[in-house]
Amino acid sequence: MLPPDITADFTALLGAERVLTAPEDLALYASDETPKAVTPEAVVFPTRHEEVVEIVRLANRHHLPLTPRAAGSGNVGGALPTPGSMVVGFECMRRVIEFDPDNRLIVVEPGVVTDEIDRLAHAHGLMYAPDPGSGAYCRIGGNLAMNAAGPRCVKYGATRDHVLALRAVLGDGREIRTGARTTKYATGYDLTRLLVGSEGTLALITEATLRLVPAPERIANLRVCYVSNRAACAAVARVMRQPVVPSALEFMDRRSIEAIREYGGAEGLPAATQAVLMVAADGDHDDVPRQIERIAAALEGEGLLEIQSGFTPEEMTRLWTARKSLSHAVKKIAPLKINEDVVVPVMRLGDLVEAIDRMGERHRIPLVAFGHAGNGNLHVNLMVHPDDAEEMARARACRRELVETVLRLGGSLSGEHGIGSEKRQFVGLELDAPTLGLMRELKRLFDPDGILNPGKKLPD
Ligand SMILES: Cc1cc2nc3c(=O)[nH]c(=O)nc-3n(C[C@H](O)[C@H](O)[C@H](O)COP(=O)(O)OP(=O)(O)OC[C@H]3O[C@@H](n4cnc5c(N)ncnc54)[C@H](O)[C@@H]3O)c2cc1C
């Protein structure tokens, strides 16, 4: 609980209804999607930029750490309250400040739900390209802080590639504006790219100018079944070597297919299927069939069992059934899913999948791997029983081996979920000392008293 004098300061600024201190209210903001909880000292809800500035200044005066929070759907503990901190919830800052379809941009506050931006854009023939699976409820502030991505990012790029400008508040209350409203920009340092993905540790983002792109006239899908992980990964490599870039290239490994079968969601998959690719193409109405033909040709090869195409919404929904049942199916394997989000150069995906198979067997941990194969980005889920200490020890060893393997293959710890509190322990394996040192200096420059989301992103 905050001391009464500090609570009184925030109440004077925001009004009592936007300062929560009751234990039952605080409990609602004690966790994100990480299976952990830390009760914050208080939760405050700004409604505009100027209030964020005042909150940060007051927090500085009282040496009070702040945990920024958008929708709390992050799965690395980014919005998990730092012990002793106050949550700054951005859910009341959800205005679309400006929509300029002619210049293909939109200016939004951080609390706007991601899919709402895409829906608004679509009504004008445009699209907000980044499409995280959580888009129906996550907020753009969280996406900006994590550099979120989704299936479409193989063709269109991640959140960072769609941000033109930001308005933000630094850790000492200074206000900055980065970038410009233009798609070309070469003035000063590129602070926009620095703040995107900074996980609320450098600044609180209060406004974002986002780039929109023309919405495709048509989308078509392929579901492609293979006899092995190796055959599917070889097909991914062939697709990514040829010139037609798919608008999605998703992979499900042997363990994913087993889980889907046990769950009863594998209807229509050939019996010998051990791995599946879900592929999409989008573009002009007449061009999509040509793209599908070119991509299908690349998908053909050793170990292919079946290619099914879907051009109508009904056909596409049918093809995606198995993929949609995956998250429910996985939950049947074990009660806890430790979700890794590793990424390797796309030509090394086959090596990674083979290594995952071997390490799962060696550590006796069920590893279910699926994800955005076109980017080399796999969600590797370690399925465990949290009460089984011996199994949890094996899972820890397996996790470390996974990270070391990914780094050996030239990859990185996280493709899209970020580092938060849960992956900090591995950051020093990927970044060398001078680079980490520079990042710590940047943190001090942006947040001199270290009050913005301490204990996240960088190791101590
Ligand atoms: C079912 C499911 C599917 C998912 N699928 C995907 C996916 O396909 N792709 C993907 O990338 N992720 C995915 N995620 C993870 C998660 O949805 C993303 O990380 C998302 O970007 C988090 O958004 P949020 O609004 O929930 O943010 P939160 O979890 O509330 O916060 C995320 C981070 O942003 C910081 N933050 C929030 N607001 C601000 C602000 N205004 N200024 C500065 N920092 C701020 C927080 O401190 C935290 O570090 C998925 C999660 C779930 C549960």
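Select Gly360, which sits in helix H14 (residues 349–363). Helices (H or I, at least four residues) and strands (E, at least two) are DSSP runs, numbered from the N terminus. The model is a predicted one: local features need pLDDT of at least 70, side-chain atom pairs count only at pLDDT 80 or more, and totals for chains, interfaces and linings use all residues. Residue numbers start from 1 along each chain as its sequence is written.

Is Gly360 buried or exposed? Gly360 counts as buried because it has 20 C-beta neighbours inside 10 Å. A residue is buried if 20 or more other C-beta atoms lie within 10 Å of its own, exposed if 12 or fewer, and partly exposed in between, with C-beta atoms placed from the backbone. Now show the contacts of Gly360: leaving aside its neighbours within four places in sequence, they are Ile365, Pro366 and Leu367. Two residues are in contact if their C-beta atoms, placed from the backbone, lie within 7 Å.

Select strand E17, residues 367–372. This strand is mostly covered, with six of its six residues buried. Two strands pair if DSSP finds at least two bridges between them. Strand E13 (residues 248–252) runs antiparallel to E17 and is joined to E17 by two bridges.

Next select strand E18 (residues 377–384), which is antiparallel to E17 and linked to E17 by six bridges. Phe370 stands opposite His379 in E18. E17 and E18 form a hairpin with four residues between the strands, where Gly376 takes a positive phi near 70 degrees.

**The four domains**

Colour the protein by domain: domain 1 (4–89), domain 2 (96–214), domain 3 (218–325) and domain 4 (333–428). These bounds come from an automatic or database domain assignment. Between the C-alpha centres of domain 1 and domain 3 there are 44 Å.

**A sheet of four strands**

Look for the open sheet with the order E1-E2-E4-E3, whose four strands have mixed pairing. Its edge strands are strand E1 (19–20) and E3, each of which pairs on one side only. Inside this order, select strand E2 (residues 42–44) and strand E4 (residues 86–89); three bridges join them, and they run parallel. Val44 is placed opposite Val88 in E4.

**A sheet of five strands**

Another open sheet has five strands in the order E5-E6-E10-E8-E9, with antiparallel pairing. Strand E5 (96–100) and strand E9 (175–179) are the edge strands, each pairing on one side only. From one strand to the next the twist averages 15 degrees. Axes are lines fitted to C-alpha atoms, for helices over the stretch in contact, and angles run from 0 to 180 degrees between N-to-C directions.

Select strand E8 (residues 163–170), which runs antiparallel to E10 and is joined to E10 by seven bridges. Ala165 has Thr209 of E10 opposite. Then show helix H3 (residues 49–61), which packs on the sheet and touches E8, E9 and E10. The direction of H3 makes about 155 degrees with that of E10.

**Around the ligand**

Which residues come nearest to the ligand? Of the 34 residues around the ligand, these are Gly74, Gly78, Gly142, Ala145 and Gly200. A residue is near a molecule or strand if its C-beta atom, placed from the backbone, lies within 6 Å of it. Strand E3 (66–69), helix H5 (140–146) and strand E10 (203–211) are the elements that give two or more residues to this shell. H5 supplies the largest share, five residues. Domain 1 and domain 2 each contribute at least three residues to the shell.

**Two residues with positive phi**

Most residues other than glycine have a negative phi, and most peptide bonds are trans. Select Glu199, in the loop between helix H7 (191–195) and E10. Glu199 is not a glycine, and its phi is positive, near 60 degrees. Glu199 is buried, as 25 other C-beta atoms lie within 10 Å.

Finish at Asn453, in the segment after helix H17 (433–446). Asn453 has a positive phi of about 45 degrees although it is not a glycine. Asn453 is buried too, with 30 other C-beta atoms within 10 Å.
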